[in-house]
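Hello,

Here is the structure I promised to pass on to you. Please open it first, and then read my notes below alongside it.

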Amino acid sequence: MTRVLIITGDPIGPRMAGPAIRSWNMALALAEAGNEVTLMTTTKLQPVDAPFELTLVTPGENDAFAKLEQWCDVVVFQGHAMRQFEVLRTTDKITVVDIYDPMHLEMLEQGRELARATWELRVTTATEVLNEQLALGDFFMCASERQRLFYFGQMAALGRLSPTTYENDPHLEGLLSVVPFGLEGTPPAHERDTLKGVLPGINADDKLMIWGGGVYSWFDPKTLIRAVAKLAETRDTAKLYFLGTRHPGVDQMGIVRESHDLATELGALNSSVFFNEEWVDYADRQNYLTEADAGVSTHMSHIETTFSFRTRILDYLWAGLPMVVTEGDSFADLIETEGLGLTVPAQDADALAAALDRVLYDDAFIAECKRNVARVREDFYWKRTLAPLVNFVANPQHAADHAETRRRGVALGGKVRKPYGLRHDLRMAWHHLRHTGVKATVGKAVARLRR
């Protein structure tokens, strides 16, 4: 039995988003394989049944974390954990780093709404955090072959692709494996009516498109809203529902208000376009998905898209839904190659409206897509996608260049900013005073004290 500590920065509870869902299923798979598992969140823990231990340890609770670090044999983490808990930089425990979310690329889009200096700071910090993890970890997991090639470039620049790591593993599979986001092997069940015939404006016989996750700045919900409004001119049964706009662990972005305003301006709000202002419980999402006729996801064309892995697409596969997505990411390639739906150019409302019309009203095409979805989704069951992690934990070992990474850890210990100390807080306070003013700085300080 291996003792495994899994760390996520997302809230754990009935309402979970992508990183927490992924960590939860890692814990399930490793527990089912006979390991002793503790799933830890650094932000929020709500009551929820689990066949493994759950705990909350916030940044700064170093004694509590030290006990967990001493207890475990393997640490699996995502996000900022190595920065938040300094011992992870020098630990002798085997470290597995989950880099399925290229957060430095994500921050290029997410930070657009911020002041320029703040935007640059966020991107720089995310890059430093990832570089530190890539320099020190023993085993890494990414979400796609595209990501794997991208991360190999970053790792090569950090010295991890060396004769030591290459000699007995020329494909470097023991260093970096593809571990996609997965889906449950049990099909979703419809246990209660949620939208059709329930929500005012959505009738029992309407054709329902579902947007299965949050609304963030790197997506393009506005082109989708324009396309649905256009489609509704000739198809009054075409309805779009945004499943959640209030992510349990992310501040609401300006794109949410912009989307509301556009739907109102087009006369589509609550007639053909609907928003859930909260977040659906993880266990309840099946009731929404099983009422949908198609899944949709639209995004801009940029570097974040190229290396992204849209986890909401997995729910569409799980529910057997034909899909319409913007081209450009790895899932769009899969949808096009395997005939799971249609892909459209970015920001092309006319092409999008035509594609939506086909996946909602072309019965022969719909049936073909559903057959293909049923075939392809088996490749994404959690038991398959998490196999590299389960196999690694069954025989955990340090990376071949572990001695070199430890030397890097000692060197980094004196150079890396301590992001949760007094010096860091004073530096950030000065940064916000210069760029956002006294009122915003005081607000951030109060929020930090509350954490």
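Let me begin with a pocket. Please keep in mind that this is a predicted model. The second largest pocket has a volume of about 570 Å³. Its lining is made up of 25 residues, and those nearest the centre of the pocket are Asn25, Leu28, Glu184, Tyr282 and Trp382. If you sort the lining of this pocket by class, you get 14 nonpolar, six charged and five polar residues.

Which helices supply at least two residues each to that lining? They are helix 1 (18-32), helix 10 (285-289) and helix 16 (382-385). Helix 1 gives the most, with five residues in the lining of the second largest pocket.

Strand 2 covers residues 36-41, and five of its six residues are buried, so the strand is largely enclosed by the rest of the structure. Strand 1 (residues 3-8) runs parallel to strand 2, and six bridges join the two. To find this pairing on your screen, look for Ile6, which stands opposite Leu39 in strand 2.

Most residues other than glycine have a negative phi. Leu172, however, has a positive phi near 55°, and Gln347 has one of about 60° although it is not a glycine.

Where do you find them? Leu172 lies in the loop between helix 7 (163-166) and strand 7 (176-178), while Gln347 is in the loop between strand 13 (341-344) and helix 14 (349-361). And is each of them buried or exposed? Leu172 has a relative accessible area of 8%, which means that this residue is buried. Gln347 has a relative accessible area of 54%, so this residue counts as exposed.

That is what I have for you so far. Enjoy looking around, and do write back with any questions.

Best wishes

Technical notes. Residues are numbered from 1 along each chain as its sequence is written. This is a predicted model: local features need pLDDT of at least 70, side-chain atom pairs count only at pLDDT 80 or more; totals for chains, interfaces and linings use all residues. Side-chain values use heavy atoms; hydrogens and water are left out. Helices (H or I, at least four residues) and strands (E, at least two) are DSSP runs, numbered from the N terminus. Buried means under 20% relative accessible area, exposed over 50%, partly exposed in between (1.4 Å probe, protein chains only). On a 1 Å grid over the protein atoms alone, a cavity is a set of points where a 1.4 Å probe fits but cannot get out, and a pocket is an open set with protein on both sides within 12 Å along at least five of seven lines; lining residues have an atom within 4 Å of a point. Grid points are joined across faces, edges and corners, and a volume is the space filled by probe spheres set on the points. Ala, Val, Leu, Ile, Met, Phe, Trp, Tyr, Cys and Pro count as nonpolar, Asp, Glu, Lys and Arg as charged, and the others, Gly among them, as polar. Two strands pair if DSSP finds at least two bridges between them.
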